[in-house]
Amino acid sequence: MAALLLLLLVSAGVLLSSTEAQEAYNKLPDNYRKGVDLALQQLNSHAGVKHHFLFFKSLLKSDIEPGFDVSYIYHSFYLKATKCPKGTVNSMQCKFRNDRPLIDCSVCYKTFAGEIEKNPKPYVHCVHKPALTEVCRIASCPFPQH
């Protein structure tokens with residue numbers, strides 16, 4: 001009975017975590033959500049990716065608004081694998097996997113009128129967490145950092 005109660009509590013905690021992550025994604029400003037979507041799109045295009053990933057948390061957000069409805073966005077964040085298969089549409093039921101490393105992503109792009117511009121080409125770089133260093137993260141963005 002105690003094992004069943006413990007399993008129920010752990011399951012509720014995992015579900016709560018993925019729900020909280022979805023809320024964190026929904027609270028991101030639209031310009032930052034578009035970058036997360038771009039990273040997820042790129043990640044899902046790889047044949048080796050078998051699981052559905054969700055936004056987990058932001059590490060660093062920076063934007064420069066020089067005027068004329070132009071913004072330069074830099075966003076560093078984690079994605080986390082779920083137990084759902086890749087291509088899952090309703091991710092509210094997806095529980096996070098704790099047996100996989102986080103995916104550390106950095107995106108850098110220009111927006112005009114709220115839309116990501118194709119030129120300069122948006123920079124999207126995602127790797128398993130231990131592989132991305134601070135020097136690599138900052139050196140990779142072609143736009144000035146705060």
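Trainee: What should I know about the model before reading it?

Mentor: It is predicted, so local features need pLDDT of at least 70 and side-chain atom pairs count only at pLDDT 80 or more, while totals for chains, interfaces and linings use all residues. Residues are numbered from 1 along each chain as its sequence is written, and side-chain values use heavy atoms, with hydrogens and water left out.

Trainee: How many helices and strands does the protein have?

Mentor: Helices (H or I, at least four residues) and strands (E, at least two) are DSSP runs, numbered from the N terminus. Here there are three helices and five strands, in the order α-α-β-β-β-β-β-α along the sequence.

Trainee: What span does helix α2 reach?

Mentor: The expected span of a helix is 1.5 Å times one less than its number of residues. Helix α2, residues 30-44, has 15 residues and reaches 21 Å from first C-alpha to last, close to the 21 Å expected.

Trainee: Which residues of α2 are buried?

Mentor: Buried means under 20% relative accessible area, exposed over 50%, and partly exposed in between (1.4 Å probe, protein chains only). An α-helix has 3.6 residues a turn, so residues three or four places apart point the same way. In α2 the buried residues are N31, Y32, K34, G35, V36, A39, L40 and L43. Across the 146 residues of the protein, 37% count as buried.

Trainee: Is N119 buried or exposed?

Mentor: N119 counts as exposed because its relative accessibility is 62%. N119 sits in the loop between β4 (115-116) and β5 (123-128). From N119 to Y109, ten residues apart in sequence, the C-alpha to C-alpha distance is 8.8 Å.
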